[in-house]
Amino acid sequence: MGYAGNNNGLYFAAHTGMKIYREGNWFTISDDFFDYMGFNAIDQGFYTSGHPSADSDMPNPLGIQKSLDGGKSLEHIAFEGETDFHALAVGYISQDIFLLNPQANSELAAGFYKLSREDKQWEPVNAEGLEGEVSALALHPTNSNIVAAATSKGIYVSEDGGEQFDRITNEADRGTAVFFNENELLYASYGENAMLTKYTVANKKEEKVNFPNLIQDEVSFISQNPTNKDEIGIYTMQGEVFLTKDNATTWMSLLDGGNVQ
């Protein structure tokens with residue numbers, strides 16, 4: 001999920017195509033019901049991986065694709081027909097890429113890699129200190145030296161482009177989601193309960209964020225409106241969507257059991 005293209009629409013990449021929540025209404029695309037994975041909103045549109053729809057003539061999997069028109073068209077970036085990237089992060093402004101390649105393809109061995117927007121060469125990344133199964137990656141919107149990862153072992157942050165990661169959560173907590181704005185990392189974790197936290201990378205200060213009481217559920221995606229920092233959306237493992245427009249003072253539910261209210 002993410003605010004793609006700076007148009008105040010909150011985009012949801014689903015297995016059956018794009019869904020958009022804007023100004024109190026839900027919208028869906030009329031064709032190209034692609035199974036988007038590794039979806040990342042950028043200021044001009046979005047990057048994604050995943051699979052084309054059954055009636056598409058595009059190679060499967062999608063590799064890495066880019067759209068600047070809300071998904072009406074896709075521009076091939078890399079690995080089309082080769083790899084489906086689930087752990088994929090793209091800088092909202094920089095459009096630099098940081099990813100976990102799940103298995104060897106024609107160009108890369110399995111492992112972590114980064115690519116700057118101006119570069120054509122993928123660089124391997126050591127990711128020292130990063131432990132557990134990766135569920136999500138996030139790249140700072142403008143400073144690609146700052147990377148975050150949510151894993152089964154917690155939340156990790158790197159300040160050297162992913163060469164070295166440090167865990168910022170308790171050992172017993174599991175990381176579930178990560179999102180960067182210009183100054184903070186918003187992360188979700190799960191210990192005894194689901195938690196949402198703001199972490200300031202510069203001074204390593206943390207602030208717990210008020211959010212809905214989740215019963216046997218956890219946050220799986222986070223996004224914040226780049227034009228309105230008080231607006232934050234979360235998506236949960238059980239298919240619920242909550243939105244705040246007053247910096248987490250109050251939240252409203254946008255779905256009921258995965259269905260539009």
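1. Basis of the values. In this predicted model, local features need pLDDT of at least 70 and side-chain atom pairs count only at pLDDT 80 or more, whereas totals for chains, interfaces and linings use all residues. Residues are numbered from 1 along each chain as its sequence is written, and side-chain values use heavy atoms, with hydrogens and water left out.

2. The first strands. Strands here are DSSP runs of E with at least two residues, numbered from the N terminus, and two of them pair if DSSP finds at least two bridges between them. Strand β1 (residues 2-3) runs antiparallel to strand β2 (residues 10-14) and is joined to it by two bridges, with Gly2 standing opposite Tyr11. Six residues lie between the strands of this hairpin, in which Gly5 takes a positive phi near 80°. On β2 and strand β3 (residues 17-22), the antiparallel pairing extends over five bridges, and the hairpin that they form has two residues between the strands. Tyr11 also has a bridge partner in β3, namely Ile20.

3. Leu185. This residue of strand β18 has a relative accessible area of 0% and is therefore buried, a term that means under 20% relative accessible area with a 1.4 Å probe and protein chains only. Its contacts (heavy atoms within 4.5 Å) beyond four places in sequence include Ala148, Ile155, Val178 and Thr197.

4. The largest nonpolar core. Such a core is a set of buried Ala, Val, Leu, Ile, Met, Phe, Trp, Tyr and Cys residues joined through side-chain atoms within 4.5 Å. The largest one has 16 residues, of which Leu196, Phe211, Val219, Ile222, Ile234 and Trp251 touch the most other members. At least two residues of this core come from each of β17 (174-180), β18 (184-190), β19 (194-200), β21 (219-225) and β22 (228-236). Leaving aside neighbours within four places in sequence, Trp251 is in contact with residues including Leu196, Phe211, Ile234 and Phe242.

5. A pocket. Fourteen residues line the second largest pocket, and Ile77, Leu115, Arg117, Asp119 and Lys120 lie nearest its centre. A pocket is an open set of points on a 1 Å grid over the protein atoms alone, where a 1.4 Å probe fits, with protein on both sides within 12 Å along at least five of seven lines; lining residues have an atom within 4 Å of a point. Strand β8 (residues 75-78) gives the most to this lining, with three residues.

Definitions and conventions: Helix = DSSP H or I, 4+ residues; strand = E, 2+ residues; numbered from the N terminus. Buried < 20%, exposed > 50% of the residue type's maximum accessible area, 1.4 Å probe, protein only.
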